Amino acid sequence: MSSRTAKSRVGRRSARLGVGLILPVVLIIVWQLVKSTGMLSYQDIPAPSTIWSATVAMADSGELSGNVEHTLAACLGGWALGSVVGLLLGLLLGLSQRAFTYSMASVDVLRAIPAIAFVPVAVIVFAQTLQMEIVIAAWVSVWPVAISTIDGVRGVSSVHQDLARSLRLSAVQRTVKFALPTAMPKILVALRLSLSAALVLAIVAEIVGNPDGIGYALVQEQQSLRPDAMFSYILITGLLGLILNFVLTWVLEHFVPGGRSLGNGDRHDDQ
Amino acid sequence: MTVDTTPLAGRDGPGGSVEAFSCANLFVEYRTRGQQLRVLEDVTFSCAQGEFVSILGPSGTGKTTLLRILAGLLRPGRGSSVRFEGNEVTEPKPDVAIVFQNYTASLLHWRTVERNVALGLEATVAKADRKSRVDEALAMVGLSERRHDFPWQLSGGMQQRVQIARALAMRPKVLLMDEPFGALDAMTKASLQDELARVQQLTGATVVFVTHDIDEAVYLSDRVLVLSGTPARIGYELAIDLPRPRNQVSTKESPEYLRARHTVHETLRSGSAAAE
């Protein structure tokens with residue numbers, strides 16, 4: 001029974017994906033027509049066909065894959081690091097009232113500062129390196145995960161608190177058996193949000209500070225007046241974000257307990 | 001279905017008549033908006049090992065508060081005495097299991113039935129022994145077939161059975177039950193009452209059962225304690241000498257049952273009349 005529902009869910013999903021593809025395809029066709037008929041004469045906005053041939057050329061030279069790999073490494077590395085730090089910070093602040101009282105104001109201030117504002121600082125501290133990008137991507141990943149974890153672990157119901165106490169569980173057992181599972185749906189959503197943010201900030205860091213990756217390539221192509229290559233990188237970034245989110249959602253659904261709630265909405269809310 | 005029928009606790013312990021719980025001069029005060037609100041006053045009672053005691057009272061009389069005190073989850077007022085097997089209760093005891101009123105909220109919805117039942121054993125019982133304890137508890141409540149389901153796939157009555165199995169798996173000497181069948185329909189309630197009575201006979205566990213249902217209290221108990229008044233105290237105590245096993249039809253038709261029910265009704269009515 002479960003395999004059948006799983007299959008029909010995959011079926012429904014690919015059907016939805018198919019329907020969702022109609023609009024972008026139509027837009028690309030319209031874009032191409034408008035350019036080919038000369039209705040849109042801006043030279044700096046290339047036709048999809050021109051962007052495609054630029055993409056193929058860059059792919060052949062190996063330039064494209066090198067840049068994508070670099071950005072991907074910065075984004076994923078920073079996201080993983082930031083998520084782990086965010087989770088630990090969230091657990092500390094969520095479970096210890098004292099830590100919460102003393103540091104929540106600082107957290108709120110730090111997280112209110114746009115991560116972009118830290119890029120120049122990171123460039124000074126870490127110079128123009130991959131490390132610098134990772135730190136920036138990590139910085140922006142920490143907060144959604146930390147805030148969701150705090151919120152989640154504080155959401156353990158009073159009945160579960162009574163239950164945990166009556167079972168005489170230690171603080172670690174209470175965290176593992178009650179707090180983390182309770183917080184899991186919120187943490188999973190935060191992981192998705194912070195992954196998108198990490199990608200954005202990795203590219204920003206490349207634009208501002210590091211001579212490598214998609215962000216730097218964008219600036220280079222702009223300065224060499226090659227809008228076709230620029231558009232190619234922009235579209236590839238969008239595609240990258242889409243793929244990352246898709247892969248992450250799939251992994252969470254299949255390998256993390258409680259990950260299913262991403263797809264179904266949380267229908268087992270206590271009380 | 002085979003079930004291990006050796007007594008799990010209590011009954012044949014040394015002394016035989018050792019008290020499971022004893023409370024003396026117990027009182028509780030809450031502080032609300034600067035005012036001291038006394039909920040329980042001068043509550044004095046004891047219950048013997050293996051006894052089925054109901055605490056009966058209208059809602060809001062502090063029944064749950066009393067149960068939480070027995071469970072060690074709440075400290076009573078200074079000078080109160082609450083003892084479990086002769087020792088002062090200052091924290092939850094390992095031999096005492098609680099069954100909460102809200103079964104849906106009390107189960108861990110991210111765990112299957114069997115892992116919910118195993119919850120109380122994980123910290124104390126070696127992994128090798130856990131499975132047989134879980135099997136035994138699930139067999140007692142008739143849920144062996146649903147072991148791989150999640151709580152939300154079960155009906156309310158089944159969810160409450162899971163909670164009872166979770167408590168039984170710990171082989172507690174005492175079950176503290178807080179209106180466990182209050183939210184169930186009449187038919188489910190009747191069958192779970194009989195199941196509980198059977199399990200209690202089987203395990204010899206002491207049961208302290210909070211309820212506002214007079215019939216339920218008289219039908220299940222060896223003794224009924226009526227909480228009444230504000231602040232509440234034990235206004236009446238009645239031993240129920242009906243033979244066991246009891247039967248939903250014949251027991252409830254017997255003159256002794258009707259007399260006990262009548263008495264409790266009268267007590268509750270006069271109690272509430274005095275309060276108004």
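How many bridges join strand S1 (residues 19-32) of chain B to strand S4 (residues 81-84) of chain B? Keep that in mind as we walk through the close-ups of this predicted model.

**View 1. Strands S1 and S4 of chain B sit side by side in an antiparallel pair.** The count is 4 bridges. To find your bearings, look for Cys23(B), which stands opposite Val82(B) in S4(B). Both strands belong to an open sheet of 4 strands, with the order S2-S1-S4-S5 and antiparallel pairing. At its edges lie strand S2 (35-48) and strand S5 (87-88) of chain B, each pairing on one side only.

**View 2. Strand S3 (residues 52-56) of chain B is mostly covered.** Of its 5 residues, 5 are buried. Phe52(B), Ser54(B) and Leu56(B) point one way from S3(B), while Val53(B) and Ile55(B) point the other way.

**View 3. Strand S3 of chain B pairs in the parallel sense with strand S8 (residues 206-211) and with strand S9 (residues 223-228).** With S8(B) there are 5 bridges, and Leu56(B) stands opposite Thr211(B). With S9(B) there are 4 bridges; here Ser54(B) has Val224(B) as its bridge partner.

**View 4. Helix H8 (residues 171-208) of chain A bends at Met184(A).** The bend is about 50 degrees, and a proline, Pro185(A), follows within four residues. A straight helix of 38 residues would span 56 Å, yet H8(A) spans only 45 Å between its end C-alpha atoms.

**View 5. Ala139(B) lies in helix H4 (residues 127-140) of chain B.** Is this residue buried, exposed or partly exposed? Ala139(B) is partly exposed, because 16 other C-beta atoms lie within 10 Å, and a buried residue would need 20 or more. Its C-alpha atom and that of Arg244(B), 105 residues apart along the chain, are separated by 22 Å.

**View 6. Chains A and B meet through 16 residues of chain B and 16 residues of chain A.** On the chain B side, the residues touching chain A divide into 12 nonpolar, 4 polar and no charged. The model scores ipTM 0.88 and pTM 0.81.

**View 7. Residues 1-16 of chain B have pLDDT under 50.** The model has 32 contacts beyond four places in sequence for this stretch. Chain B averages a pLDDT of 88, and 92% of the residues score at least 70.

How values were computed:
Residues numbered from 1 in each chain as written. Chains lettered and ligands numbered in written order. Predicted model: local features only at pLDDT ≥ 70, side-chain atom pairs only at ≥ 80, totals over all residues. Contact = placed C-beta atoms within 7 Å. Nonpolar A, V, L, I, M, F, W, Y, C, P; charged D, E, K, R; others polar. Helix = DSSP H or I, 4+ residues; strand = E, 2+ residues; numbered from the N terminus. Buried ≥ 20, exposed ≤ 12 C-beta atoms within 10 Å, placed from the backbone. Expected span 1.5 Å × (residues − 1). Bend = angle between axes of the 7 residues up to and from the residue. Pairing = 2+ DSSP bridges. pLDDT = per-residue confidence, 0-100.
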